[in-house]
Structure formats: C-alpha cells, structure tokens
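Work through the exercises below with the structure in view, and try each task before you read its solution.

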Amino acid sequence: MTEPLLVDRTDAVVTLTLNRPTAMNALDVALKEALRDTLAELETDRSCRAVVLAGAGGSFSAGQDLREHVKTLESTDGNPLDTVRAHYNPIAARLANLPKPVVAAVRGMAAGAGASLAFLADIRIGGPSTSFLMAFAKVGLAADTGASWTLPRLVGHAKAVELLMLAEPVRAQEACQLGLLNRVTEDDEQVLPTAQELAARLAAGPTVAYGAIKRQLSIADAGTLADALAAEAQAQAICGGTDDHRAATIAFVNKQKPVFEGH
C-alpha cells in the first residue's frame, strides 16, 4: 500500500510530501492522520531543524477529499464535519506553532484546506503554475484549517473576505504580490529544490531564535503593544541563554562566521 505521506530526511531538513498524486493530493483521513501525527513527532525531534511541506505530482493539494466526504455525509453516524476538530485543527495548530521554520513548496493548485496548509508555513515558494483557490464557499462551507486566522494576516481583512466569498483562483504572480507567496521560481521543476535549499539555509541558522520569532509574531498579531513587549522580553531571555547566542556573539566580535547548533 502506498504511504499517504512521504517523510524524507536530508541532514537537518525533513520534507513531508502529501502523496496522493492521482487525487491531486486531496486530504483523506489516512493522509490527515499521518500529517497530524508526524508533525507532533517533529515538534520534539531535535534532529529536525526545518520542515518542507510539498505535494507529489503536479499539485500541492486539492483540499478535502470530497469523494470520501460524500460518504461521510450519507452516513447517519456522528458529525460529518468532525474532521475539523479531529484533524484540521490539530494540524493547523502544530504547523503554526512548530518551533522550527516551515517552508511550503507550492507547485500547482492549492485549494481549500490545501491552501490553508500552505498559508500556515512561514515561507511559501511557488512556480508559474501555482494557484490558490479558497474553495470552501463553493461547497457551502466556511473556512477551516486556520484560514480565517492566516488569510487576513497575509492579505488584509477586505481581501480575505473577497477570496473566501468569491472563491476565485489567484495565480502565481498575483499571489506573490498579495503575500500568499514569498517567491516564484521561473520553472515549476525548481519549486521543491528551491524550497529545500531555503530550508537547509534556515536549518543551519539560529533555530531557537526562529521559534521565538514565530511566537512573538503570533502574539503581536492578536495582542497589544504591552503583549508584544512582554513576549519580546520573554523571547530574549530564552534566546540570550542559548549556546548559539553566546557563540555567535563571540564570533561576531572576532569577525568570524558563526556556527549555530540549535541550542
């Protein structure tokens, strides 16, 4: 049986590939559970210092597997949207709060929950064929997988309303202008290697500081100036006690290149 999620380790970079290419990497229960559980393991895996999220074949992810969902709707057992609580919410929380950088290699279509997954990454790399579609309203649903939180922060409230209600595709260049993509490669074949190269660069950096930066921004986005200042003080207390900070400061004073170990 083909694994729904491929896990590849290259040095300190872990690449997670949604592996249902014949279904445009649509998210069925097996894939959602594998992604949820693997992210939980990576939270405390010190050998992993950066994560790449990608899709097999020519698409990133078409979102929820609607063929599977139809069967759930036709069943009389339980809540047909319980997958939000059981799968999508834990995945979103773990991606957003992962204390290490996450780079999304968004090749081809990212729709619905697939787009939401990409928006939870810290950096998104796309190619000429990349497009986003907030498809929830097309099937009578509101946003999930964190999109109601990430999308306004990326594009602003008014544009988020437009993207979610009109459910029109956003092509690569517009996505880059809006902030949905950080970079667009010249060729689709470059998307994954570019994302992995960037992840390797981040993995070699001060990953404790990167995790602190992610927490700071999350608090500052939703809080007051006082909240942000308190978060900054806490973050600097943590980072200031690391071996990385001490070694990098000494290296800077001695005009040497710092080597970060992630602790």
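Predicted model: local features only at pLDDT ≥ 70, side-chain atom pairs only at ≥ 80, totals over all residues.

**Exercise 1.** Determine how the axes of helix H9 and helix H10 are arranged, and which residues make the contact.

*Solution.* Begin with the axes: those of H9 (residues 207-222) and H10 (residues 225-240) come within 9 Å and cross at roughly 170°. Angles over 145 degrees count as roughly antiparallel, and therefore H9 is roughly antiparallel to H10. Next, look at the residues in the contact, which on the side of H9 include Val208, Ala212 and Ile219, and on the side of H10 include Ala228, Ala231 and Ile238. Sorted by class, this contact has 10 nonpolar, one polar and three charged residues.

**Exercise 2.** Find which residues of H9 are buried and what covers them.

*Solution.* The buried residues in H9 are Thr207, Gly211, Ala212 and Lys214. Because they cover an arc of only 155° around the axis, they lie on the same side of H9. Finally, what covers these buried residues includes helix H3 (83-97), strand E4 (102-106), helix H8 (191-203) and H10.

**Exercise 3.** Decide whether Pro4 is buried or exposed, and describe its surroundings.

*Solution.* Locate Pro4 in the segment before strand E1 (5-10). Its relative accessible area is 15%, and since buried means under 20%, Pro4 is buried. Leaving aside residues up to four places away in sequence, Pro4 touches Thr17, Leu18, Asn19, Ala30, Leu31 and Ala34.

Key:
Residues numbered from 1 in each chain as written. Heavy atoms only, no water. Axes fitted to C-alpha atoms, helices over the stretch in contact; angles between N-to-C directions. Helix = DSSP H or I, 4+ residues; strand = E, 2+ residues; numbered from the N terminus. Parallel < 35°, antiparallel > 145°, perpendicular 65-115°, else oblique. Contact = heavy atoms within 4.5 Å. Nonpolar A, V, L, I, M, F, W, Y, C, P; charged D, E, K, R; others polar. Buried < 20%, exposed > 50% of the residue type's maximum accessible area, 1.4 Å probe, protein only. Arc of directions from axis to C-beta.
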